[in-house]
Amino acid sequence: MRWKRSVGTALTAIALATTVPSAASASATGGWVPAPQGAFEQPAGARCDFAVRVEPIVDEVRKLVLDTYPDGSPRRELFTGDLINRVTNLETGATSTADASGTSMVEYVQDGSMTWYVTGPVLLGFRENAGSLPRGLWIVDGQFVVEFTPTYDKTITMVHGTTHNVCTDVD
């Protein structure tokens with residue numbers, strides 16, 4: 001994980017500029033809309049040593065399109081709202097909850113890469129050797145940036161915060 005102090009200034013500026021969108025930008029983009037997360041399963045070894053299911057039990061996430069590309073696809077979106085996931089070990093039935101109720105401003109690049117500017121917790125899955133954290137389902141909490149490649153490899157630049165592998169909660 002890379003640690004940089006300068007990111008804090010950028011995150012604070014983005015948060016101030018995007019958390020209270022102007023009435024003109026909200027009406028031009030249609031305003032806030034629900035952004036539900038679907039349940040998903042991963043086989044043993046993909047994220048955890050065992051097969052796992054993640055499903056929202058509270059999902060009040062909404063998004064606001066801040067900017068679009070000429071073709072109408074989103075260039076920048078803001079996501080916020082309560083998101084509590086149940087994580088289940090499909091081999092033992094053990095469950096845990098994971099709070100992923102952070103706020104993120106997402107910038108999409110037309111090559112398929114994207115960058116998340118995050119405050120608060122989010123749940124991120126990492127494949128083996130595919131990012132700055134080991135394989136697992138991670139709650140990352142604090143203030144940080146996540147850079148995604150087009151193949152979803154992830155690099156986290158943490159301003160301050162914590163990481164926790166939820167796989168250990170249901171092992």
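Ala, Val, Leu, Ile, Met, Phe, Trp, Tyr, Cys and Pro are counted as nonpolar, Asp, Glu, Lys and Arg as charged, and the others, Gly among them, as polar. The structure is a predicted model: local features need pLDDT of at least 70, side-chain atom pairs count only at pLDDT 80 or more, and totals for chains, interfaces and linings use all residues. Residues are numbered from 1 along each chain as its sequence is written, and side-chain values use heavy atoms, with hydrogens and water left out.

The protein chain has 2 helices and 13 strands. Both are DSSP runs numbered from the N terminus (helices: H or I, at least four residues; strands: E, at least two). Of the 171 residues in the chain, 42% are buried. Buried stands for under 20% relative accessible area, exposed for over 50%, and partly exposed for values in between (1.4 Å probe, protein chains only). Among contacts with a separation of 6 or more, 54% join residues 24 or more positions apart. A contact requires heavy atoms within 4.5 Å.

The largest pocket has a volume of about 800 Å³. A pocket is an open set of points on a 1 Å grid over the protein atoms alone, where a 1.4 Å probe fits, with protein on both sides within 12 Å along at least five of seven lines; lining residues have an atom within 4 Å of a point. The volume is the space filled by probe spheres set on the points, which are joined across faces, edges and corners. The lining of this pocket comprises 30 residues, and the closest to the centre are Gln-37, Leu-83, Trp-116, Leu-123 and Leu-124. Strands S3 (40–42), S6 (74–80), S7 (83–89), S9 (103–108), S10 (114–119), S11 (122–126) and S12 (136–148) each give two or more residues to the lining. By class, the lining holds 17 nonpolar, 10 polar and 3 charged residues.

The structure holds 1 aromatic pair. It joins Trp-116 and Phe-148 in a tilted arrangement, at 4.8 Å centre to centre and 45° between the planes. Rings of Phe, Tyr and Trp (its six-membered ring) pair if their centres lie within 6.5 Å; planes under 30 degrees apart are stacked, over 60 edge-to-face, and the rest tilted. The partners come from distant parts of the chain: Trp-116 is in strand S10 and Phe-148 in strand S12, 32 residues apart. Trp-116 counts as buried because its relative accessibility is 19%. Phe-148 is also buried, at 6%.

Charges also sit over rings. Arg-62 lies over the face of Trp-32, 5.4 Å from the ring centre. The charged end of Lys-154 sits over the ring of Phe-126, at 5.2 Å from its centre. The criterion is NZ of Lys or CZ of Arg within 6 Å of the ring centre and within 35 degrees of the ring normal.

Thr-68 belongs to strand S5 (residues 62–68). Thr-68 is partly exposed, at 39% relative accessible area. Leaving aside neighbours within four places in sequence, Thr-68 contacts Ser-73, Pro-74 and Arg-75.

Most residues other than glycine have a negative phi. Asn-129, not a glycine, has a positive phi of about 55°. Asn-129 lies in the loop between S11 and S12 and is exposed, at 72%. Tyr-152 also has a positive phi, near 70°. Tyr-152 is in the loop between S12 and strand S13 (154–165) and is partly exposed, at 46%.
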